[in-house]
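I opened this model to look up a few features of its strands and its surface. My entries are below.

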Amino acid sequence: MTSSPLGLYRVSEPGPAGRGPREPGSGQPDPGEPRLRQPGSGQPDPAVPSPGPRGGGGTVLPQAAWRLDPDPRIQPDEVRVDVERLNLDAASFRQIRESTGGAPDAMRAAVLGTIATRGKMHNPVTGSGGMLTGVVAEVGPRSPLGLRAGMRIATLVSLSLTPLAITDGLTRWDASSEQIPCEGHAILFARSIAVPLPDDLPMPLALAVFDVCGAPALTRRVVSAYRAGRGFADAGAGGAGAGGSAGRPGPVVAILGAAGKSGSLSAAAARAAGAAAVIGVVPTDAEAALLDESGLADAIVLADARDPVGLADAVAAAGGPADVTIVCVDVPGCEGGAILATAPGGTVVFFSMATSFSAAALGAEGMAADVTMLIGNGYAPGHAELALNLIRTNSAVRTLFERRVFHDRGDFSAHTAEKSPRKAAEPRGDGMARQGSTVATGEGDVMTSKLGLDPATVRTVRELARKAGEPITEMARTHTTVSVERAVLRLAGLNGADADGMPWVNRLTEAVQNSVGLEHGVALPVWHALTSGGHASLRGLAEAAAAGTVTFRLPGGDDARTARSAAARSVARGFATIDGQRAQRSRMIAATADPPKPWIYLIVATGDIYEDIPQAQAAAREGADIIAVIRSTGQSLLDYVPEGATREGYAGTYATRENFRLMRAALDETSRELGRYVRLTNYASGLCMPEIAALAGLERLDMMLNDCMYGIIFRDINPRRTFIDQRFSRQVHARAGIVINTGEDNYLTTADAVDAAHTVVVSQLLNEYFGKEAGLADAQLGLGHAFEINPAVPDSFLLELAHAQLVRELFPDAPLKYMPPTKHMTGNVFAGYLLDAFFNLCGLMTDQSILLIGMMTEGIHTPFLSDRDLALENVRYVRAAAGRLGESFRPEPDGFVATRAREVLGEASGLLRRICDEGLLNAIADGTFGVTRRPPDGGRGPEGVVKKAPEYFNPATEILDAGPPPAKNDNGPERTGEDSQAVRTPQPAEAS
C-alpha cells in the first residue's frame, strides 16, 4: 500500500462494518480483523491485504476506524507534530467529567485510556475528539500543507482522526478545563488542516477560537446565501468569505447557546453577513446578562433548548420563527426544539457534537417540518482567518471570549436551566481578580488561579519582559564570540587537546582570529583551508595551525561556496548525533518509565568522576529522579573545556565530554535496573557556555544549568559575552530537547529573599522571553526559585507559599525548579532538617515540578551518603503524608498569601518598566539583581566578543535557525568526539 492523502495506511484496526462505539479500554480487535501495519514498523504488512468491502462497508477512513497507528515515523506526505496541548470538544469533555464524577485522576485516566486504546483521542461515547496545538517536528517531502519545522500550529481537524501518542501521563492537567497541557506527538495527513498560531493573540484565546472556527464560517455562508435569494446549495461558490447581498432582506437568525464560544462568533458572523435580527437563546439569567452586555443579540430568549414547545414559543415571541437556526449547545436532546423554532423553508445548522442526526431527521419528518438541515462539519475555506478577524475587530466577541477563557473555569456555557455558571472574575484595580479566576499567560497557558491574579497584569509583565529583552536579543544576533566559533568546530567533530592540555578547538580558533579575524566566522577560513590545503582532517589542520604552518584567508566565489558546503555537511553530522541522542532519550523513557512529578533532584560532587558514579547510582536507587553533577569551582572562568575523565576537581567535578559520557552510561544502566528514567544535569555557563551546551547535546544530558545572568553576577563574566553565548546555547538546548535550569535562586543568597522577591520574578520573565526566542518550549523552561526567607521573619512560611504559588501560576507549563534553604542553615542539623521539611511541604502544596533536596548539613561539609539518605527520607515522608494537600490549598482572596503575591507581581511590573526605560545592561550595572554591580564593558572575556560582518557565515546557526530536526532512525546516535559535562559546588553562587 502506498501513501494516501487520507491516511488510510494508518488504520491499524478498522472494525467491522456498522460497528458502533465500544466500551472504553477494551482495546481488543474483533476476531478476524486485519491489521494493516506491522506493529512499530511504520510500513504496511505485505502479508495482510488492505481492507476491502466488508458487508458493503468498503475501505475504512481514519475517523471511522477503531484504532490508528501513531508510529512517529512519517510517510512522505505526512507531518509529525510535537504536541503541546489538546483541546477536547465540549461534548467529549462534558461526558468524561460527568462519567468520572469530575475526579482529576479519573479524568486523566479516561483520556489516556482512550488514546492508548485507539491511537487517537476519539471518545467512544460521543464519537468526538477535539483539536491540538504543537510545534512541527518533521515535514515529509511531499506534504502539501505548507508547514515548516519549528512552526507553532493548531490543527483544525478532529482528534478523532489524528494519530496521537501521549508520553507525559497528562500530569500537568488539573482537569478543570478542556485544554490539556501535555507532551507527545501527532501525525497530520496530506488532507489535514493546520494553521500557524497567531502572534497577536494569546495562545489560549487563539486555541479557543480555532476550536469553533467552523461555526461562524458556515453561518456567514448560509446568511449570505439567504440574502442573495439563493438556496444553501448555491452558496458554496461564495465560500466562507462570501459577503451579503441586497437581493432581499436578511434572515432572522436564532442561535441556541448564543453566549458560548461558537454561539457568540456565529452571532457576530450573522450580523456581519446581513441578518435582519439575531435572537440569542440562553439557559440562565447569568448567560442572559453576559449576552446582553456583549450586544451581540437583538433579542434574548431565556429557555431550555431541550423543551421543543417552550423553545419554539419563546423564539416566536422574540420575533421568530427563525429563518436560520444555529445550534451551538453541547447537550443532547435539542434537535426537536431547533426544528420547531424554524420557519417552513428555513435552515437548521447543527454544530453540536451532542446532536443525534437520526433524531433530527426522524423528528423533522414526524413534525412535517419543511426545513433544510445542515451538519456543521467544522471546515470551510478561510474559516480560521474569518474567526480570528472577528475576534480582532469585534470587541464584544473578544471580551466575551476572554472572560470565558481567562476568567471562568466553572463551565460558563452550561446549557441546562438547572446548572448556573460561576460568575466571571472582575478585574480589580489593585492587580487582583476574584479568587477562582484563570490566569492568562500569553503564549503559554491558562490555569485556575488560587491567588486570583489579574490576567491583564500577567500579560502586561510578560510584554514588558519582551520589550526589555529585545535589545539584548538583537545584540546577540549581530555578534559572535570565540566560544560560539569553537562550538562550531566541536559540532563538526574536532576534539582532543595538545600536549599542554589546550583543546584543538582553541588552537584552531585562535589561529584563524590572528590571521583573518572572526568577523566572518571560523567556518569559511577553516573549511577553505581544509578543502584546498591537503589536510586530511580538522585535527590535522589544527595541529598545523598550532605549528604556524597554515595561512588562513577568506575565500570568495566558487571557493567560498565549496567551503560553505563542506562546513555545512560537517556540522550537520554533529546535529545528526544530537538528534539521535534526543531520539534515544525518548526510547529510554519508553523502555523504562518517566517518574511522576515532582522530580527529586539530588547533587553529586566529589571531584572524581569515578567516585561520582557509584554515589549517583546509589542516590537514584534511593529515589532521586535527577542527578546533578556539580561543576568544579572556578570552571566558569576557564576559557577552554578540559579533556577526558577527571579525578581532581575542587568542590565538584570538571565538565568534560568524557565525564558526561561516563555518567550518562552509568545512569542508563541504573534506569534499566530501576525501570524508570534517571535524568542527568550539568552546567552550561561561564566562558565556554556554547561549547558545553553542544557537548551536552552530543552526550544526551537531560538538563543544564543555564541562566541569563548567573555568570554575570556571580562569576563576573562580561555581560555582553554572556548574553551572546547564551542565545546560541539555548538554541542548542532546544534542538537537543534539554531542559534548562535557571539560577534566580542564587540572587537570594546575596540579597534579602523578601525585599528581592520581585527581582526573582523579573529574571524569570526575562529567562522565559530569552528561552522562547531561542526556540525553547514551555516544557524546557526549568525556571529557578528558592526557599530562602529567614525563618525568624514572622509568617516566613506564608511568605514562601505566596512566592512559590505566584511563580507556579505565572509559568503553569514550565517545569519549575525549587531550591531548598541554604543561606539560613546554621549548622543546627535538627533545625535544618525541620526547615527542609517545610521546604518540601511548600513545594508539594504549590505543585512545583522539580524539588532539589536540601541537606541538614548544608554549608557544613560536602554531604555524606547518609545525609542524602536522610534528605530523601524527608521528602518521601512529606510526599506520602501531604502530597495531595495542594488540592485543598485555597488562600483567602484578600488574605496574607494572596496580598503578598499581588504585591510582588506589582513590584515586578514596576521594575520591568524601569528596565525598559534604562536598558537591561544598565540595570545589571546598578546592582538590580543579587545586589551585585556588573558594568556592560567589565568582567572577564569581553575581548572574545566580535561584531559580525555582513558576510558572516556560521553553519550551526543556519541549521538551528531553520527549526527543529527531522526524525531520526531507531538505530542509535552516531558519535563525533569526546568532551563535556558539568557539576555543582557548595558555594551558593554555583550551587543551583
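These notes cover strand pairing, a helix packed on a sheet, and a surface patch.

Entry 1. I note at the outset that the model is predicted.

Entry 2. I started with strand β5, residues 152-155. Which way does β5 pair with β4? I found the antiparallel sense, over three bridges, with β4 spanning residues 130-139. Within this pairing, V135 stands opposite R152 of β5. I then checked β5 against β8, residues 194-196. Here too I counted three bridges, and the two strands run antiparallel. A154 stands opposite V195 in β8.

Entry 3. Next I traced an open sheet of nine strands with parallel pairing. I wrote down its order as β23-β22-β21-β20-β19-β18-β26-β25-β24. Which strands lie at the edges? They are β23 (781-782) and β24 (784-786), and each pairs on one side only. I followed β24 to β25, residues 817-819, and found three bridges in the parallel sense. G784 has K817 of β25 as its bridge partner.

Entry 4. Last, I turned to the surface. Which residues form the nonpolar patch there? I listed V309, L340 and M367, with about 240 Å² of accessible area together. I placed L340 in helix α8, residues 335-340. Its relative accessible area is 36%, so I logged L340 as partly exposed. Patch residues need over 30%, and L340 at 36% clears that cut-off.

Note on methods: Residues numbered from 1 in each chain as written. Predicted model: local features only at pLDDT ≥ 70, side-chain atom pairs only at ≥ 80, totals over all residues. Heavy atoms only, no water. Patch = residues over 30% accessible without salt bridge, like charges linked within 9 Å, V, L, I, M, F, W, Y side chains within 5 Å. Areas by Shrake-Rupley, 256 points an atom, 1.4 Å probe, with all protein chains shown as cover. Salt bridge = Lys/Arg side-chain N within 4 Å of Asp/Glu carboxyl O. Helix = DSSP H or I, 4+ residues; strand = E, 2+ residues; numbered from the N terminus. Buried < 20%, exposed > 50% of the residue type's maximum accessible area, 1.4 Å probe, protein only. Pairing = 2+ DSSP bridges.
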